[in-house]
Amino acid sequence: PVVFVLNGPNLNLLGLREPAIYGAGTLADLEQQCRASAARLGLSADVRQSNHEGDLVDWIQEARTAAQGIVLNAGAFTHTSVAIHDALRAVGLPVIEVHLSNVHARESFRHHSFVSPVAAGVIVGLGTDGYDFALEALARRISRRDP
Ligand code: DQA
């Protein structure tokens, strides 16, 4: 089974951007980690990043026929995007929302998510390990055929 791992704006700066919050690893490291974790779980991870909201909407729509689940870190669009909310609702695939940082321990504008109401589950504050846990959760749901 194919799963999409989608990263949103500014996550291309991982390793450079506020490493005390987001860690020292790069996006390339994270993408490699996701592909390896997915393979261990019998999944194939299609891993993408964009700074553009419309790309994320297009990819979520594409997942409808190309994937069986989505791991999504929508970055700041998490807190602003009705379009991403609507796209996720439209595709009806299991979505695990991930944030590297514990958004609830940060500014109040990070406490609301437009993704959470349409996510199967949410993982925050566990750094890049959160992507491994999200992939594991998707693998379990896919094997139970239980979206
Ligand atoms: C983030 C948290 C968001 O609030 C922020 O805008 C990001 C990264 C995280 O992974 O912790 O860009 O999604």
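Author: In helix H5, the buried residues are Gly130, Tyr131, Asp132, Ala134, Leu135, Leu138, Ala139 and Ile142. This is a predicted model, in which local features need pLDDT of at least 70, side-chain atom pairs count only at pLDDT 80 or more, and totals for chains, interfaces and linings use all residues. Residues are numbered from 1 along each chain as its sequence is written.

Reader: What makes residues 129-144 a helix, and how does the reach of H5 compare with the span expected?

Author: Helices are DSSP runs of H or I with at least four residues, strands are runs of E with at least two, and both are numbered from the N terminus. H5 has 16 residues and reaches 23 Å from its first C-alpha to its last, close to the 22 Å expected at 1.5 Å a residue, where the expected span is 1.5 Å times one less than the number of residues.

Reader: Why is isoleucine 70 called buried?

Author: A residue is buried if 20 or more other C-beta atoms, placed from the backbone, lie within 10 Å of its own, exposed if 12 or fewer, and partly exposed in between. Isoleucine 70, which is found in strand S3, has 25 other C-beta atoms within 10 Å and is therefore buried.

Reader: Is asparagine 10 buried, exposed or partly exposed, and what about glutamate 18?

Author: Asparagine 10 has 15 other C-beta atoms within 10 Å, so it is partly exposed, whereas glutamate 18 has 11 and is therefore exposed.
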